[in-house]
Amino acid sequence: MTEKTTGASYAAAGVDIEAGDRAVELMKEWVKKTQRPEVLGGLGGFAGLFDASALKRYERPLLASATDGVGTKVDIARQMGVYDTIGHDLVAMVMDDIVVCGAEPLFMTDYICVGKVHPERVAAIVKGIAEGCVLAGCALVGGETAEHPGLLGPDDFDVAGAGTGVVEYDRLLGADRIRTGDAVIAMASSGLHSNGYSLVRHVLFDRAGMSLDQHVEELGRTLGEELLEPTKIYSLDCLALTRTAEVHAYSHITGGGLAANLARVIPDHLHATVDRSTWTPGAVFDLVGKAGQVEQLELEKTLNMGVGMMAVVPQESVDVALTALADRGVDAWVAGEITERGEHTEGAALTGSYAI
């Protein structure tokens with residue numbers, strides 16, 4: 001009698017199609033909450049549909065696009081077993097890049113890669129993305145969940161996203177609008193946001209031996225709660241500000257820090273000076289610096305130091321801009337100014353010492 005053999009299957013290879021289908025069903029209610037009138041169809045199609053006739057109201061519409069992820073912050077979420085906030089980070093990283101040029105966020109797609117599909121976990125991630133889309137004013141029109149057994153561990157995952165926005169050509173913000181004498185307004189970050197976590201994890205875990213469940217007095221909560229604090233989403237605040245006051249440019253402070261990101265929107269003949277004494281970075285930045293004996297300049301090249309977005313506005317718009325941001329609950333202040341660039345100066349620089 002010959003022994004019966006079992007042929008190979010997708011499930012035997014580690015991919016669970018039924019679990020993937022279950023995840024889609026669980027996420028549908030959250031995706032629905034992000035819908036805009038221009039979105040056609042629902043979740044489950046091969047492509048998300050957005051009615052472009054809505055752009056007819058523009059004289060010369062420019063589409064703005066961006067894509068990003070949240071880096072190694074996902075490992076903090078995995079270790080803590082908290083999956084419904086990392087999506088806020090993803091939306092912020094994508095849509096706050098788009099709004100920098102003055103564009104209104106329209107829609108977004110996501111990509112979630114996992115070692116093993118846990119439907120409730122995937123749905124929690126999408127819930128966070130959907131909530132972030134609501135805060136950014138955009139629709140979540142689709143995405144992909146991929147199961148990669150053998151490449152990722154059963155609990156490992158990563159997220160990425162891409163977004164699209166639109167701006168009228170003659171309302172495009174950027175370096176061409178900036179003038180000598182303009183003021184630089186800083187908007188407070190909610191913490192580390194989503195950059196520099198490779199340094200942060202190395203310093204706090206490998207060098208300082210700290211743990212995620214460790215209560216840190218100066219933070220007023222556990223280290224894990226601090227590190228998982230969602231990135232602030234500024235999209236609707238920035239759009240509201242451009243409707244209220246004259247704005248010449250925005251700069252989203254992400255990887256590379258304050259000076260490098262601000263320099264990206266400064267024209268070649270001008271210079272931005274940011275005065276450190278106008279604010280005090282949050283306790284987490286001091287913690288990272290001291291725990292790893294990280295030089296201040298290295299911290300400033302890697303972390304946002306308490307500023308998540310900057311706006312460049314003419315001096316006559318400063319008071320209106322600060323009032324408009326305060327009315328929206330955004331902590332903002334004048335942090336610097338635009339001057340002519342000297343022979344040996346770069347696009348932007350930090351001066352002075354942080355306020356204590």
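Asp-182 sits in the loop between β6 (157-168) and β7. The model is predicted: local features need pLDDT of at least 70, side-chain atom pairs count only at pLDDT 80 or more, and totals for chains, interfaces and linings use all residues. Residues are numbered from 1 along each chain as its sequence is written, and side-chain values use heavy atoms, leaving out hydrogens and water. Helices (H or I, at least four residues) and strands (E, at least two) are DSSP runs, numbered from the N terminus.

- Asp-182 is buried but has no salt bridge. Buried means under 20% relative accessible area, exposed over 50%, and partly exposed in between (1.4 Å probe, protein chains only). A salt bridge puts a side-chain nitrogen of Lys or Arg within 4 Å of a carboxyl oxygen of Asp or Glu.
- The nearest side chain of opposite charge to Asp-182 is Arg-179, 6.7 Å away. For charge, Lys and Arg count as positive and Asp and Glu as negative; His and the chain ends are not counted.
- The backbone nitrogen of Arg-179 is 2.9 Å from a polar atom of the Asp-182 side chain.
- The side chains of Asp-182 and His-248 are joined by a polar contact of 2.6 Å. A polar contact is a pair of N or O atoms within 3.5 Å; within protein, one must be able to donate a hydrogen and the other to accept it, and residues adjacent in sequence count only if both atoms are side-chain atoms.
- Leaving aside residues up to four places away in sequence, Asp-182 touches several residues, among them Arg-177, Val-312, Pro-314, Gly-336 and Glu-337. Contact means heavy atoms within 4.5 Å.

**Overall layout**

- The protein chain has eleven helices and 14 strands.
- Of its 356 residues, 51% count as buried.
- Among contacts in the chain with a separation of 6 or more, 85% come from residues 24 or more positions apart.
- The chain exposes about 16,800 Å², and carbon and sulfur atoms supply 51% of that. Areas come from the Shrake-Rupley method with a 1.4 Å probe; for residues, only the protein chains shown count as cover.

**Nonpolar cores**

- The largest nonpolar core holds 78 residues. Such a core is a set of buried Ala, Val, Leu, Ile, Met, Phe, Trp, Tyr and Cys residues joined through side-chain atoms within 4.5 Å.
- Helix α3 (residues 86-98) gives the most to this core, with eight residues.
- The residues with the most contacts inside the largest core include Phe-157, Leu-204, Leu-262 and Met-310.
- Beyond four places in sequence, Leu-262 touches Val-184, Ser-251, Ala-272, Val-274, Met-310, Val-312 and Ala-348.
- A second, separate core has 22 residues, including Leu-173, Leu-239, Val-318 and Ala-324.
- Helix α7 (residues 235-244) is mostly covered, with seven of its ten residues buried. Leu-239 is one of the buried residues of α7, as are Asp-237 and Cys-238.

**Salt bridges**

- The whole structure contains 15 salt bridges.
- Asp-89 and Lys-73 pair at 2.8 Å, N to O. The pair links distant parts of the chain, with Asp-89 in helix α3 and Lys-73 in helix α2 (residues 73-80), 16 residues apart. Both are buried.
- Asp-84 bridges to Lys-127, with the closest N and O atoms 3.7 Å apart. Asp-84 is in the loop between α2 and α3 and Lys-127 is in helix α4 (residues 119-136), so this pair ties together parts 43 residues apart in sequence. Asp-84 is partly exposed at 30% relative accessibility, whereas Lys-127 is buried at 18%.
- Asp-155 bridges to Arg-121, with the closest N and O atoms 3.1 Å apart. Asp-155 is in the loop between β5 (139-147) and β6 and Arg-121 is in helix α4, so the pair ties together parts 34 residues apart in sequence. Asp-155 is partly exposed at 37%, and Arg-121 is partly exposed at 21%.
- Salt bridges with shared partners join Asp-75, Arg-78, Asp-156 and Arg-201 into one network.

**Positive phi**

- Most residues other than glycine have a negative phi.
- His-193 has a phi near 60°, a positive value. His-193 is in the loop between β7 (183-188) and α5 (197-207) and is buried, with a relative accessible area of 3%.
- Met-305 has a phi near 55°, also positive. Met-305 is in the loop between α10 (296-302) and β12 (307-313) and is buried, with a relative accessible area of 3%.
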